[in-house]
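Work through the exercises below with the sequence and the 3D view side by side. Try each task before reading its solution.

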Amino acid sequence: MTKSNNVHVIDHPLVQHKLSLMRNKEASTNSFRRLLNELSMLMAYEVTRDMPMQEVEMETPLEKMKTRVIDGKKLVFVSILRAGTGILDGMLSVVPGARVGHIGLYRDPKTLMAVEYYFKLPHNVEERDIIVVDPMLATGNSAIAAVERLKELNPKSIKFVCLLTCPEGVAALQKAHPDVPIYTAAIDRQLNDHGYILPGLGDAGDRMFGTK
């Protein structure tokens, strides 16, 4: 993994290989969904590297011992609907004890600004670390709106995880929330006039759910 200015690029060969397969326009909905799940599990390894742990007493077949386990109850995955669901599923496979929140945002086609329509989080967020998941960090508007809303609840920390981003998206999120680290598998070339990442992989939600 490479890090620069609070942006972590997860460049593991398995992550890059699966991302390349997802970019292919011929990849089926089933294949895209499966690859997203697998890639998310791999990304979770790096994103949760500094997760809190707790000591417990356990009995092996030979004797009692003290050992450490993940304190999953202190972690909340927050999915930006609808496309964030694909990353959420993979990460929950790795950390099944995590709590889950959802933020419903859609992008106004004229202004490209994020409009909220749903917000539901676990209780006691101020005691928890939040990982926000959304496949694409493009204009950055949805990510900025989501993080802004979450900061109102005063969580212990916030990270943002995406498959793909671009210089414009990174700059926008960092300007609005410089304290929030970004984890991604790739930083692509640029945005087009419609707010899509180039070369990108198209609309992640449409490709995941088979919609247009």
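The exercises that follow concern a predicted model.

**Exercise 1. Describe how helices H1 and H2 pack.**

Solution. 
- Start with what is needed. Two packed helices are described by the angle between their axes and the distance between the axes.
- Find the helices. H1 covers residues 13-23 and H2 covers residues 29-47.
- Take the distance. The two axes come within 9 Å.
- Take the angle. The axes cross at roughly 160 degrees. Angles over 145 degrees count as roughly antiparallel, so H1 is roughly antiparallel to H2.
- The crossing of H1 and H2 is left-handed.

**Exercise 2. Which residues of the largest nonpolar core touch the most other members?**

Solution. 
- Recall the background. In soluble globular proteins, nonpolar side chains tend to be buried together.
- The largest nonpolar core has 36 residues.
- Pick out those with the most contacts to other members. They are Met22, Met43, Phe77, Met91, Val161, Leu163 and Leu201.
- Trace the suppliers. At least two core residues come from each of H1, H2, S5 (75-81), H3 (84-94), S8 (129-133), S10 (157-165), S11 (182-187) and H6 (204-209).
- Name the main giver. H2 gives the most, with seven residues.
- Look at one member. Beyond its neighbours within four places in sequence, Leu201 contacts Leu19, Met22, Arg23, Phe32, Met136, Leu163, Leu164 and Arg207.
- Look elsewhere. Another core lies apart from this one; it has 23 residues, including Val7, Ile80, Val147 and Ile158.

**Exercise 3. Are Thr165 and Leu88 buried or exposed?**

Solution. 
- Locate them. Thr165 lies in strand S10, and Leu88 lies in helix H3.
- Apply the cut-off. Buried means under 20% relative accessible area.
- Thr165 has 0% relative accessibility, so Thr165 counts as buried. Leu88 has 5%, so Leu88 counts as buried.
- List the surroundings, leaving out residues up to four places away in sequence. Thr165 is in contact with Leu137, Val170, Thr184, Ala186, Ile187, Asp188 and Ile197. Leu88 touches Phe77, Ser79, Val100, His102 and Val133.

**Exercise 4. Where do the cis peptide bonds joining Leu81 to Arg82 and Leu198 to Pro199 sit?**

Solution. 
- Take the bond between Leu81 and Arg82. Its omega is about 5 degrees. Arg82 is in the loop between S5 and H3.
- Take the bond between Leu198 and Pro199. Its omega is about 0 degrees. Pro199 is in the loop between strand S13 (197-198) and H6.

Notes
Residues are numbered from 1 along each chain as its sequence is written. This is a predicted model: local features need pLDDT of at least 70, side-chain atom pairs count only at pLDDT 80 or more; totals for chains, interfaces and linings use all residues. Side-chain values use heavy atoms; hydrogens and water are left out. Axes are lines fitted to C-alpha atoms, for helices over the stretch in contact, and angles run from 0 to 180 degrees between N-to-C directions. Helices (H or I, at least four residues) and strands (E, at least two) are DSSP runs, numbered from the N terminus. Angles under 35 degrees count as roughly parallel, over 145 as roughly antiparallel, 65 to 115 as roughly perpendicular and the rest as oblique. A crossing is left-handed if the near helix is turned anticlockwise from the far one by less than a right angle, and right-handed if clockwise. A nonpolar core is a set of buried Ala, Val, Leu, Ile, Met, Phe, Trp, Tyr and Cys residues joined through side-chain atoms within 4.5 Å. Buried means under 20% relative accessible area, exposed over 50%, partly exposed in between (1.4 Å probe, protein chains only). Contact means heavy atoms within 4.5 Å.
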